Each structure stands twice: as C-alpha cells, then as structure tokens.
Amino acid sequence: MTGGEVEGEVDGTKAADPALQALIEQVRAARADGTQLDIRGGGTKAWYGEAPQGVPLDVTGLRGISSYEPTELVVTVRAGTPLAELEAALAEKGQCLPFEPPRFARNDAVGGTVGGMVAAGLAGPARAAVGGVRDYVLGATLLNGRAEVLSFGGQVMKNVAGYDVARLLAGSMGTLGVICEVSLKVLPVPVARTTLRFDVAQADALRMLNTWCGQPLPLNASAWWHGVLVLRLAGAAAAVDAAVARLGGEVVDAAMADSFWTGLRDQTDEFFIGAAQAVDGGAALWRMSVPQVAAPLVLADEQLVEWGGAQRWLISSAPADQVRAAAAAAGGHATLYRSLDKSPGVFAPLSAPLARIQRDLQTAFDPDRVFNRGRLYPER
Amino acid sequence: MNAPLPAAALDRAARQREIVAALAPVVPAHALLWQAEDTVPYECDGLTAYRQQPLVVVLPETEGQVAAVLKACHALKVPVVARGAGTGLSGGALPHALGVTLSLAKFNKILKVDAYSRTATVQCGVRNLAISEAAAPHGLYYAPDPSSQIACTIGGNVAENSGGVHCLKYGLTLHNVLRVRGFTVEGEAVEFGSLALDTPGLDLLPVVVGSEGMLAVTTEVTVKLVPKPQLARCIMASFDDIRKAGDAVAAVIAAGIIPAGLEMMDKPMTAAVEDFVHAGYDLEAQAILLCESDGTPEEVAEEIGRMLDVLAGAGATRMEVSKDEAQRLKFWSGRKNAFPASGRISPDYMCMDSTIPRKRLADILLAIAEMERKYQLRCANVFHAGDGNLHPLILFDANDPDQLHRCELFGADILETSVRLGGTVTGEHGVGVEKLNSMCVQFAPGEREQMFALKAAFDPAGLLNPGKVIPTLQRCAEYGRMHVSKGLLPFPQLERF
C-alpha cells in the first residue's frame, strides 16, 4: 500500500533502504544492457524448475522481520530472511506456518529464504488440510522488471481492493519480479497432535482417507508408502482423543512421529534419500498432483502418497510422456521434480489460452524478461 | 478514460442495431433484449444510486452461446458486462452505456455433488445457499456464507471473492474453490485451477477469483465441500468499554483460539437490532461480542471453556452461552439483521466495508465517533471483529440533499482513515464503481498501472467490464473535485454481511 500517507510504510522507508536501493540499481542496469538476472535467496532450490539462467541477483540483503503481531495472526517479513529465522520467531509465540514449507536446509548454511518459499510455492504434509503457500499470502512488495517497487494486498485477512497480485507470486518462480517483502497469515500451533499407523494397501489407504475426510475429524496430514499409512491428527485435545478412539490403528511414539513428519516435510526421509540415489542413477523423481480420489496410478514404480491422495511421488525411469499421460488421465499433472535430464520439460504443458495469458502476464510485469527467464517454461 | 470506445462517436441506435444483428444468429430470439422496457431491470445492481441502461441484454443458455456472444462482441469491439443475481453492493455489474450485459441467469444447474471427493460442480448462476442445501444430505456444506447467500450466486461470489461471518476459520471464496471454468474475452474456453490441489505454471486462480468480471467470464465452478460440524455454540459477551471489547478479541486469538465466528456490535446497533429481533441483548453494554465455537461435542466443550476464561479475563461484564441451536440462532439473528434493523431507525443508511488491523479497532471507532460530530450524522457499527472487517452504517435521509452529501463525505473519510490505519478500502464488497476514488488513496500510480497491465494480459482490448475496479490516472487526479454519490440498498429485508 502506497497512498503516500500510510503510517510508517513504504516509499520513504523503503527507498531509503540501501539493500533495496542496490537491487533497484542492479535491475535498472541489467535492463539497460540486456543482462538476464537469476534471483537468488538461500540457493537451496536451484535444482527445482528449469535451469537458472543469467547473472545471480542476491536478495539476502533484504533481511529481517518488519512487523509481527501475534494477535493479528500476521507477520510481515523481508524476502531474504531465512525461513528458519521466521519459524523460530513464530514458534516463540506459539504460532507457525501451517502449510509446512520444505526447508532444504543444509547443516553448513542458513538454508532457504522466505522469498524462495513463496516463489517456489512448495508446501509440506499438511497442505491438503490447511491450504498451500498462496492461501497464506496476504500482501507482497515486488520489484518488477521496470525497476519499480510496488505493493499489493496488505496485512489484513479480508481485502478485495484490486487484483490479488500478491497471491499470484506464490509459485511464480521469480518470473514476475523480485519478491521484496511478504505479509503472511500465521496460525497457532495446534494444541494436540497424535500420529497413527495402519498396515494397508494403497487402494485401501486412499479409500480410508477419502472417507475420513468427509467426516468431522481433525485430520492434518497423511503419508502412505510400502503398505503403511501414517496419519496425523491435530487440533483440540478432546477432538484428537476422540478421533484416536474412533479410527483405531497404532499410536506412534511422539518423538518418532515428529522425526518422521519433519523428514517428510524437508524431503530428507528414507523415501527421498532413495529418490536422490535413483536420480543419480538416471531415474527421475516425479511429483504428481492429482484429485485426492484418483485411483492408484498404474505405474509400476516406487510411490509415496501424501495429501490424502492428492500428491503422489513417483521414482521412475518410465518415459515422461507415459508419466504425464497417467497424471492427466487421473485429472492432474506431473512435475519433473528432480532429474538429471530435464529435456522433457519440468512443468506439464499448458493449454493454449493459459500459455498465452501466462506469457502476456510475464511481459506485463517484466517487459524485457530480465528475471528468471525460462525458469517455468523454456523460452526460445 | 478507462475504456477504449472506438464506437463512442457512433449513433447509439445504430450501434444497437449492429449488435442485435450480430447476436441474433447465435442466441434464441427470447434471449436477446434491447427494447428500453426490457433492459430497465438490468440498469443497476445492489448499488442502486448508479444506473445505466445497457444497449443490449443477452441471456445465453449454453456455453456454446456464451462463446458465440463473446466472439461476436469481440469482433465488434463491444464492452461486455457479466451479471449474476445483481446483489453486488459496489456497482460491479453496472451496465456499460455502449455495451452488452451478459446475464448468466440461465446457468442455474447443479451439475454434480460428489460426497466421496467432497466437491460440487455447479453452473455459475447457482445460488450460494443452494449448494449447501444440495450437499446437506451427505453431511457436507459449502463454507463461505455471505449473509446474502439466499440470493447471491456462486459466479458472483467468485467475481467478488466473497467472505461471510465464518471466514476467519474457514477462509474466503478463494480458499474454497478448486476450479473455475469460463471464457476469455475472445470466446475461448479456459479453466483456472483443477480438481487437483495445484496446477502447472502461474497460479491464475487467485487473480481470477475477486477480479470483478474484468478478466474472464465464469460459467462453471467446482467448490470444496466440508463436513458439517456436529455442534456449534455461541457466547454472547458484554463489555462496558469498546476498547476492552477490542482487546478481548485480541486476547482470544492470543490464546491460540480461532473461533468459528467472532462478531461485534456497538451500543447504537445493539439497541436498533434488539428492538427488531428481541434476542435479549444487553442494552447497557457499550459493545457486544458474539464468539462461536464449532466441531465435535468434546472439542466445543473444551473451546467454549477456554473462550469463557479469556473473555472473563478481558473484563466481560456479562456472558451467556447458547444452550441449544434455537438460542444460538437467536444470538445471531440480531447481527444478521443489522441492515433491516437500521432501515427501521433511519430513512436511509449507507454501508461501508473497510478492513483494518484488529488492534486499530478502538482507534477507528473513536475516529468514527468524531466524524459523527463533524458530519452531524449518526453511525451504527457492526464488525467481523475476528478479521477486522468493519461495516459502519451511516444513517441519513436521502431526501435531504445536504444529508446525502454529508453522508458521502463521511463514508470517504472512513475509507481513507482505514487506509491510514494500515487497512484496505474494501474487505468483501469489491471496488466496482463505488470505491474507484478510494483506490486512488490506497494504491500508488505505478501499482494501478501494473494492474491495468495485468488486465491487458487477459483482455488486451479492455472489453470486459471496462471502467471498474482500477481508476485511471486522470480520474485520480480529478478526485477531490468530483462528486460521487453513494448508493442505497434494494431488498432491505435481505440479510446481509
């Protein structure tokens, strides 16, 4: 918001911010001499999407929490702030980012940033129950391809003034501009959590999950792999206890459960370790996003099912066309999540009108295509 | 101005003949209206102060006809204004003087309610409440509940990103819609979102939802259905000071509780509604909070207990918990009838819709009290306190031009004060034509230009609902000199907000 008279906000403050000023200058210069820029936060997701091109534009100078009001359920944070730093500040007040973005943190580094989290738009185990990244974006400040600093949305839950540009940035892979600051909705950490396990085949697990989802139960996350369904309940203690009594299954030790969900969230658990090895050996890790009720996909490879059935990870050497066809037949799409060979294209092709709108939108925000060119779809 | 009007110089009647000739071959004769007496009912939406007869009204019955109408209009460069039930409060469906109003009233079928996948696929003209009614036998419902839900349609909800009294816990329209099917301005079929939880490429769904008919024409929507809570109970709490009530709202959230509903009424509003519904409200209270919990019986018992502790700690002077569903609905009846009740104590009223950070609640109330003195008009206040969305109702008599004028200044003052307090000019009613000037205050020129560029990516010729939502530079420059009249609500008996 930049009416010019908004308290303690925008133009005056931000223009005076040396880190932002430096970025503006770099974008101006890049635009003037036709340089392409590769927006960089923590550098933890360079493997995701199409290959980065251009000169790195380091945004980690935009660091720090600008405002955090626990009773407003809103935090405003600069994009280069490490995700770990934001999550620690929220945890101190008993709050969290409910969509559990993967952190990809390495031991020797600060890990991913808030800007990278929004740009990649990836969410963790609780996604189906609580919503994804874009559902929690309330506002954003963007440095566009004309080197203009613009703010959209705001710091309030209900806001229908103008187009919702802030939410469009979630998953945009930096192709619309540099995310400088975001306001996010946050929620209290659930009072109670219990994890259950069931030994069932995939088809039965899908049937159980979809049936339970239609009932007033505090389901929060699920994962099926190798004949085991793991289910997390979260909410009021009374509701969780009642659900445990009703659903049966075996209660998983709390510490073990935490470690399991963290590993799944950060993609460091056994399945993903196996996937990394398979990828090194020439296979691919696919992320299939399908309707929750889709039947088990007939792909004879290693599968991990999350999000109540809506996200299915596949380690496979099958041709890309076959994987994409299976996802499309189920009503969804497949992303070539990790692979040494990205020639089939990372993201599933768009329909003609959507491809045209997307291209024109990118031009509307970044006329010279300075930022992250080709990161979503390869460009000639 | 906002709309390119290549035909502006053409004679209106000639233009009308041209459009009728182009549309007659693609829709049945009864679906095409252009005689003045037939198009009069379409001259305004819920914001009746703005009226404009369209050149032509077309009521297609199939998607094929929608596509053909759009193609024909695009070829002639005719502005197209899509229209649902016409209950919108910001003039979003106000016709264009040289345009076609595309009524989607015939798209009123529920195509599929699927209990297993918890989704409903419906045509855009299906009423919001009809979806929940169709889902009820499965123990499911559609969560967003704008108070006009018996009349407003899902297509209109998508256009406005409608809220309701339960969105703090259950989200807005955007959070409850999976897929929007529609047509581009060129008449090409397009789908945003899908039955999966995400789609490849840029996520256009959040831009299309809430775009007020400026980017595409919606014909079909797939919504999420959620299990109906087994039980809901509501606490009615009184406070002797409005600031204490505001602090109580913050205290509930700080305690880690997300109530199913959290609403506030001030003393003048409480008096007005008590007289109307006789719900037993505390007439001595400076503010009344309605705080609702829903879920399993165990969950509700636990949460109500915690809420009572927090509210007592925050200085509630009186608290009552609904004993049964009848009493719960009675607690809500006053809140839901704030509009008709206001209609009984004043000849006219104007409803505002800004949002502020919750912590500024007392500040805006004090500012509004000051404005009452300044503009010599009374104002009663209801709030979606949980999410900071306020609906001040300015009471006036439209037959007195000076009162109307003061009311308009009062309203603009509230919106601009809300922006200064870190909020927004519209929380759920949309910009339409009503709040175009206020958009000049909220957004800088570069931001408005970026929004125009976004629209052009969907609609290069600027033919879909032109002139709404984003004010031109020229208009913002003129703001301050211009006189903008505000609207009165039709259907005053309808529950709203």
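Okay, let's start in chain B, where an open sheet of 4 strands has the order 1-2-4-3, with mixed pairing. Which strands stand at the edges? Strand 1 (32–33) and strand 3 (80–83) of chain B do, and each has a single partner strand, so one side of each has no neighbour in the sheet. Keep in mind that this is a predicted model.

Now look at strand 1 of chain B: it runs antiparallel to strand 2 (residues 56–58) of chain B, and 2 bridges join them. To find one of those spots, go to B:L33, whose bridge partner in strand 2 is B:V57. Helix 1 (residues 12–23) of chain B packs on this sheet, touching strand 1, strand 2 and strand 4 (100–103). The direction of helix 1 makes about 20 degrees with that of strand 2 of chain B.

Next, over to helix 12 of chain A, residues 320–329. Here A:V323, A:R324, A:A326 and A:A327 are buried. After helix 12 comes A:G331, with a positive phi, near 95 degrees.

Last stop, the two chains together: 76 residues of chain A are in contact with 80 residues of chain B. On the chain A side, helix 13 (residues 352–365) gives the most, with 7 residues. Sorted by class, that side of chain A has 39 nonpolar, 25 polar and 12 charged residues.

Key: Residues are numbered from 1 along each chain as its sequence is written. Chains are lettered from A and ligands numbered from 1 in the order in which they are written. This is a predicted model: local features need pLDDT of at least 70, side-chain atom pairs count only at pLDDT 80 or more; totals for chains, interfaces and linings use all residues. Two residues are in contact if their C-beta atoms, placed from the backbone, lie within 7 Å. Ala, Val, Leu, Ile, Met, Phe, Trp, Tyr, Cys and Pro count as nonpolar, Asp, Glu, Lys and Arg as charged, and the others, Gly among them, as polar. A residue is buried if 20 or more other C-beta atoms lie within 10 Å of its own, exposed if 12 or fewer, and partly exposed in between; C-beta atoms are placed from the backbone. Two strands pair if DSSP finds at least two bridges between them. Axes are lines fitted to C-alpha atoms, for helices over the stretch in contact, and angles run from 0 to 180 degrees between N-to-C directions.
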